[in-house]
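Here is a short briefing for a reader who is meeting this structure for the first time. Start by looking over the sequence and the model.

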Amino acid sequence: MIEIKNLTKQADNKLILRGIDLTIHKGETVAILGPNGAGKSTLLKVLASLIKPTSGLVTINGLKWKRNYLQIKKMIGYLPHSSLLYDHYSPIENLVFFGNIYGINDVEQRAVRLVKEVGLSFFLNEPVKNFSRGMIQRIAIARAIIHEPEVLLLDEPHTGLDQGAISILNNVIISMKEKGTTTLMVTHDFKQAAEICDRIIILKNGRIADDFYIENQNLGFVSKKYQLQVEGAS
Ligand SMILES: Nc1ncnc2c1ncn2[C@@H]1O[C@H](COP(=O)(O)OP(=O)(O)OP(=O)(O)O)[C@@H](O)[C@H]1O
Ligand SMILES: [Mg+2]
């Protein structure tokens with residue numbers, strides 16, 4: 001469970017997050033939608049403890065970042081805009097490296113399985129620097145889940161993926177949900193949001209403009225709500 005209370009973030013005299021109150025329950029798959037510059041990536045970075053909030057409180061499974069840094073770090077899988085991969089390493093070397101940081105068992109076996117799962121077995125030992133954008137994104141996804149995190153924070157995870165990789169990613173998210181993983185996914189892709197998420201949050205100007213649950217993968221409902229909050233008001 002993620003709990004956020006009265007969270008603000010200020011940078012260069014600009015209020016990026018203007019008082020976010022939010023509770024995400026265990027096992028929920030939540031999409032964060034919103035226009036460019038709304039503060040979506042900033043919110044994810046605060047949750048991943050990459051940046052400090054100006055004020056407010058964040059707890060992950062009841063724990064505060066400040067006091068339980070390593071414990072929370074192990075619980076979280078974070079996929080940022082940039083891949084975080086080492087260019088001159090192969091997919092396997094990258095995954096084993098990150099797996100070892102988290103101290104996971106049977107790391108090589110798991111790395112090979114994940115590379116296969118994201119459809120890159122053929123490129124097991126080739127350096128990542130030779131990969132296309134979509135291939136890098138596939139490995140970046142594998143990196144984010146190498147330690148089987150309880151909480152997944154994904155920043156535009158579908159970007160650059162072909163149809164096959166989109167299905168792979170969606171299946172990964174859905175199967176992790178079945179194991180109880182909580183996913184928070186920033187996206188501009190309403191179709192994917194409607195397909196895999198059970199709750200939608202619309203962020204606008206650093207505030208939550210809407211927060212609702214969806215049923216039956218209702219894309220039309222999501223688009224209508226977004227239009228109302230974001231496009232209609234401009
Ligand atoms: N370190 C920083 N210093 C100053 N301003 C920042 C910093 N990081 C982000 N911002 C500003 O905060 C606002 C929100 O940025 P953020 O990256 O969170 O937006 P976003 O909702 O993820 O947008 P996008 O859809 O384009 O990815 C932007 O106006 C951005 O310029
Ligand atoms: Mg962003």
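Asp211 counts as partly exposed because its relative accessibility is 34%, between the 20% and 50% limits. Its side chain forms a salt bridge with Arg199, and the closest N and O atoms are 2.8 Å apart. The model is predicted. The points below start from this pair and then move to other parts of the chain.

**The salt-bridge network**

- Arg199 counts as buried, because its relative accessibility of 5% is under 20%.
- Arg199 also meets Glu28 in a salt bridge, at 2.9 Å from N to O.
- That pair links distant parts of the chain, since Glu28 and Arg199 are 171 residues apart.
- Glu28 lies in the loop between β2 (14–24) and β3 (29–33), and Arg199 lies in strand β9 (residues 199–204).
- Both Glu28 and Arg199 are buried.
- Together, Glu28, Arg199 and Asp211 are linked in a network of salt bridges.

**Other salt bridges**

- The count of salt bridges comes to 8.
- One of them joins the side chains of Glu3 and Lys5, at 4.0 Å from N to O.
- Glu3 is partly exposed, with 24% relative accessibility.
- Lys5 is also partly exposed, with 45% relative accessibility.

- Helix α3 covers residues 91–101.
- Its buried residues are Pro91, Ile92, Asn94, Leu95, Val96, Phe98 and Gly99.
- What do the buried residues of α3 pack against? They pack against α4 (107–117) and α5 (133–145).
- Just after α3, Gly103 takes a positive phi of about 65°.

**Patches on the surface**

- One patch is nonpolar: Tyr86, Phe97 and Ile101 make up about 280 Å² of surface.
- Tyr86 is placed in the loop between β6 (76–79) and α3.
- Tyr86 counts as partly exposed, at 37% relative accessibility.
- A patch of positive charge gathers Lys52, Lys64, Lys66 and Arg67 on the surface.
- Lys52 belongs to the loop between α1 (40–47) and β4 (55–60).
- Is Lys52 buried or exposed? Lys52 is exposed, because its relative accessible area of 69% is over 50%.

- Asp12 is a residue other than glycine with a positive phi, near 50°.
- Asp12 lies in the loop between β1 (2–11) and β2.
- Asp12 is exposed, with a relative accessible area of 80%.
- Ser49 is not a glycine either, and its phi is positive, near 65°.
- The loop between α1 and β4 holds Ser49.
- Ser49 is partly exposed, with a relative accessible area of 24%.

- Lys225 is part of helix α8 (residues 219–231).
- From Lys225 to Ser55 the separation is 170 residues in sequence and 29 Å in space, C-alpha to C-alpha.
- Lys191 is located in helix α7 (residues 190–196).
- Lys191 is partly exposed, with a relative accessible area of 47%.
- Lys191 and Gln137 are 54 residues apart along the chain, and their C-alpha atoms are separated by 19 Å.

How values were computed
Residues are numbered from 1 along each chain as its sequence is written. Chains are lettered from A and ligands numbered from 1 in the order in which they are written. This is a predicted model: local features need pLDDT of at least 70, side-chain atom pairs count only at pLDDT 80 or more; totals for chains, interfaces and linings use all residues. Side-chain values use heavy atoms; hydrogens and water are left out. Patches are made of residues with over 30% relative accessible area and no salt bridge: like charges are joined within 9 Å, nonpolar side chains (Val, Leu, Ile, Met, Phe, Trp, Tyr) within 5 Å. Accessible areas come from the Shrake-Rupley method with a 1.4 Å probe; for residues, only the protein chains shown count as cover. Lys and Arg count as positive and Asp and Glu as negative; His and the chain ends are not counted. The place of a charge is taken as NZ of Lys, CZ of Arg, CG of Asp or CD of Glu. Helices (H or I, at least four residues) and strands (E, at least two) are DSSP runs, numbered from the N terminus. Buried means under 20% relative accessible area, exposed over 50%, partly exposed in between (1.4 Å probe, protein chains only). Contact means heavy atoms within 4.5 Å.
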